[in-house]
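Colleague: Could you walk me through this one before I open it in the viewer?

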Amino acid sequence: MNIPHVVVVMGVAGTGKTTIGPLLAARYGVPYAEGDDFHPPANVAKMSAGTPLDDDDRRPWLDAIGGWAHGRGGLGGVVSCSALKRSYRDRLRAAAPGVVFVHLTGDRALIEDRMSHREGHFMPTALLDSQFATLQPLEPDERGVAVEVTGSPEEITEQAVAALADLSEAAS
C-alpha cells in the first residue's frame, strides 16, 4: 500500500515519533527519515544542555525536513518532526504542500514516564514542560489526524493507518 504524500509524525518529545514513524513507513512501503537527524550540531548541543530551541534555531531544521519532504512529493515518505507550532507546520507545508500530519498525543504523566525509560536520546525530561507549553494542536483547516499514544506501538500504528484512511476518504 503506497501513499503519494509525505506523512509528518509530530508531537512533543516522548510520544513515540521515532518508534511509530518507521512502523508507518514500513506499513506503506516508503522511506522513513528521522527528524532529529536534520538538526544542526548546535541544536543538538543546546538541547543536550537542557536549553530549549528558539524559532531561529528551528528554521534551518524545518527547512531541511521540508526539503526532504518536497523531494518525496508524489513518491511518499514518513518523517518525524515535533512540528509543535502552527507556524512550523506552515513552513513545512510551504516547502511540501502535500504533507499530512499524524499528531501523536498523550497526557504529560504518560509521556514523562516513557521519556524516563529511554536511553541514548539527547532530549532530557526537563524540557518536556517547554514542549507542552509550545504545543499548538492541529487546527481544523490543517490536513492531519490526532492519535492517542496509549497501547502498543503496533496498535498506535494501526490507529494512525485507519485515521489516515478515513482522512483520505473524506478528502475524495
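This is a predicted model: local features need pLDDT of at least 70, side-chain atom pairs count only at pLDDT 80 or more; totals for chains, interfaces and linings use all residues.

Colleague: How many helices and strands does the protein have?

Modeller: The protein has 7 helices and 5 strands, where helices (H or I, at least four residues) and strands (E, at least two) are DSSP runs numbered from the N terminus. Along the sequence, they follow the pattern β-α-β-α-α-β-α-β-α-α-β-α.

Colleague: And strand 1, buried or exposed?

Modeller: Strand 1 (residues 6–10) is largely enclosed by the rest of the structure, because 5 of its 5 residues are buried, buried meaning under 20% relative accessible area with a 1.4 Å probe, protein chains only.

Colleague: Which way do the side chains of strand 1 point?

Modeller: Val-6, Val-8 and Met-10 point one way, whereas Val-7 and Val-9 point the other way.

Colleague: Which strands does strand 1 pair with?

Modeller: Strand 1 pairs in the parallel sense with strand 3 (residues 77–80) over 4 bridges, and 4 bridges also join strand 1 to strand 4 (residues 100–105), again running parallel; pairing requires that DSSP finds at least two bridges between two strands. Val-9 stands opposite Ser-80 in strand 3, and its bridge partner in strand 4 is Val-102.

Colleague: Switching topic, what share of the protein is buried?

Modeller: Buried residues make up 44% of the 172 residues.

Conventions
Residues are numbered from 1 along each chain as its sequence is written. Side-chain values use heavy atoms; hydrogens and water are left out. Buried means under 20% relative accessible area, exposed over 50%, partly exposed in between (1.4 Å probe, protein chains only).
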